[in-house]
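Here is a structure to explore by question and answer. Take a look at it before reading on.

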Amino acid sequence: MGKVGIIGVGQSAFVRQYPGSIRELAFEGFKNAMKDAQITVKDVDASVVCSAPEYDKQRSPAGVFAEYLGLNPQPTFYVESLCSSSSMGLRLAYSLVKSGLHDVVAVIGFQKMSEISSSESQERMGRGADIQWESPFGTMMPAYYAMYARAHMAAYGTTPEDLARIRVKSATYGQLNELAVYRKPVTFEMFADPNDRMAGPVASPLRVGDCCANADGSSCIIVASEEKARALSQKPVWILGLGAASTSVNLAGRNLFTGLTVAQEAAKQAYAMAGIEPKDIDVAEVHDCFTIAELMAYENLGFAAPGEGKDLIRSKETYKEGRIPVNVDGGLLSKGHPIGATGGSQIRTIVLQLRGEAGAIQVKDPEIGLVHNIGGVGLYGNVTILGR
Amino acid sequence: MGKKIEIDDRFKKFGTVSFTAITKTNDFIDHLEQGKVVGTRCKECGMHFFPPRADCFRCLESHMEWFEVAGNGKLVTYSKLEYGPVGFEKDLPYRIALLDYGDYKVFGRIDDAVPDDALSMGMKMKTRVNRLADGQLNYVFQPA
Ligand SMILES: [Zn+2]
């Protein structure tokens, strides 16, 4: 069996309120990936549709999309792992191609978070974790990540200012990303001013500026066998390593609160499969749903030793010119986080970087890139390593 | 036919808003009524489970006994929420936290009567049953 490549990537703009239906939203990411790959619907042997279903009114969107995108009568199905759904979709596409079952598979991620009303959305947020034993206490995603932030601060001396540094970096690049939902500058002064919205309390120690925004969006990745990739694409990017892991949904079942075990485990698998080490990564996209999540990712992926993530951002080593550029497309903090589309958007950024087509955010001549995509509060973890 | 089926939905009493009504661990609610926070222990292998569960994945058996969450745990971490989900507005602000008891951990709320500045990471805390104004039941952490 040969390698498995990525021959097309695309995403929609990530926006607050998409002025169309979910099939129309999915078309945007799909169209861009298909044009990028320069193929037609007849070349696609199967499609995998990825989202978090609690935001959907449509039952089983895969069938609806396959019809709308012209992918009948090929097989189509749905995969879900919360915020890492489309990385899980890529993993599945890899196995479908590697097995020889299909030659070309489209991984379509989407989320129209505005599909439901904000009060419905608020109600669903309360059910984001263990609904039997934790939700009755009134839990929210930011509060869970805040618990990790407090533990990290207590163990290692990480400060709220370190977290603000991550948001400032994100906004530096978010301003350059035309597809991002948040494109305004963010400064340290905003975090220091108690009257500024960025400094507003959410769940201590996390503030408004530490949290990414909801968004509507779609993404699409076209995966192909080595033979097909070489035949169809001038610049295929190869999937070198894949890792995936899970852990206890209830925090009471976990042992680490200064990092995510799923990221550590998935990274270990992906590095081993690719036969490389963290120092070999030239550019990375990590799951910064909250600033603390990016800081923990530095450590869990081996870019910094445990507790030294703060030093990496203080010395600006994760900026575009640094030792290991991270989220130079603005990350989730700037782009917004349309749950099911997020992983595909991260993969798209790394593919463009490796092809040298990343424009204003292009890192100098990267050969190997990494995507870290987390579902829930460190419940699911996916790490994907890509190379030229 | 026609016979009314009794539904044991005691668990709907758990917390400010319960999202679960029916579970094999419904006796947890009776223990709360009696002032006890309890977990389960597998009679076959002795493993402690908190939150309680009806089934042991190690033994693939369902022979559980209740144990009381007694003594003190260490405060692992916590967060104070300024926003909450629908149904929790009247509770705001409140603090969620995790205590480590060694053999198991307990996730819950910190007692509203405990001021923020009385909290420190690693401090010893105890778990106490708490009855809410509308008769719902949960448990809270207090300094030991
Ligand atoms: Zn057992």
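**Where two chains meet**

Chain A and chain B of this predicted model bury about 2900 Å² between them, with 71% of that area on carbon and sulfur atoms.

Q: Which three residues supply more of the area that chain A buries against chain B than any other three?
A: Look at the part of the buried area that belongs to chain A. Three of its residues together supply 29% of that part. They are A:Trp133, A:Phe137 and A:Met147.

Q: How many residues does chain B bring to the contact?
A: A residue takes part when its heavy atoms come within 4.5 Å of the other chain. Chain A brings 33 residues. For chain B the number is 38 residues.

Q: How many salt bridges does the rule find across the interface of chain A and chain B?
A: The rule asks for a side-chain nitrogen of Lys or Arg within 4 Å of a carboxyl oxygen of Asp or Glu. Polar contacts are counted separately, and there are 12 residue pairs of that kind, both residues at pLDDT 80 or more. The number of salt bridges found between chain A and chain B is 0.

Q: How many residues on the side of chain A that touches chain B are nonpolar?
A: Sort that side by residue type. It holds 10 polar and 6 charged residues. The nonpolar residues number 17.

**Pockets**

Q: Which element supplies the largest share of the lining of the largest pocket?
A: This pocket holds about 1300 Å³ of space. Of its 44 lining residues, the closest to the centre are A:Tyr55, A:Met113, A:Met125, A:Cys212 and A:Asn214. Helix 4 and helix 5 of chain A each supply at least two residues of the lining. The largest share, 5 residues, comes from helix 4 of chain A.

Q: Which residues lie closest to the centre of the second largest pocket?
A: About 470 Å³ of space lies in this pocket. Its lining divides into 10 nonpolar, 6 polar and 5 charged residues. Of the 21 lining residues, the closest to the centre are A:Ala252, A:Gly253, B:Phe49, B:Phe50 and B:Arg53.

Methods:
Residues are numbered from 1 along each chain as its sequence is written. Chains are lettered from A and ligands numbered from 1 in the order in which they are written. This is a predicted model: local features need pLDDT of at least 70, side-chain atom pairs count only at pLDDT 80 or more; totals for chains, interfaces and linings use all residues. Side-chain values use heavy atoms; hydrogens and water are left out. Buried area is the accessible area (1.4 Å probe) that two parts lose on being put together, summed over both. A polar contact is a pair of N or O atoms within 3.5 Å; within protein, one must be able to donate a hydrogen and the other to accept it, and residues adjacent in sequence count only if both atoms are side-chain atoms. Ala, Val, Leu, Ile, Met, Phe, Trp, Tyr, Cys and Pro count as nonpolar, Asp, Glu, Lys and Arg as charged, and the others, Gly among them, as polar. On a 1 Å grid over the protein atoms alone, a cavity is a set of points where a 1.4 Å probe fits but cannot get out, and a pocket is an open set with protein on both sides within 12 Å along at least five of seven lines; lining residues have an atom within 4 Å of a point. Grid points are joined across faces, edges and corners, and a volume is the space filled by probe spheres set on the points. Helices (H or I, at least four residues) and strands (E, at least two) are DSSP runs, numbered from the N terminus.
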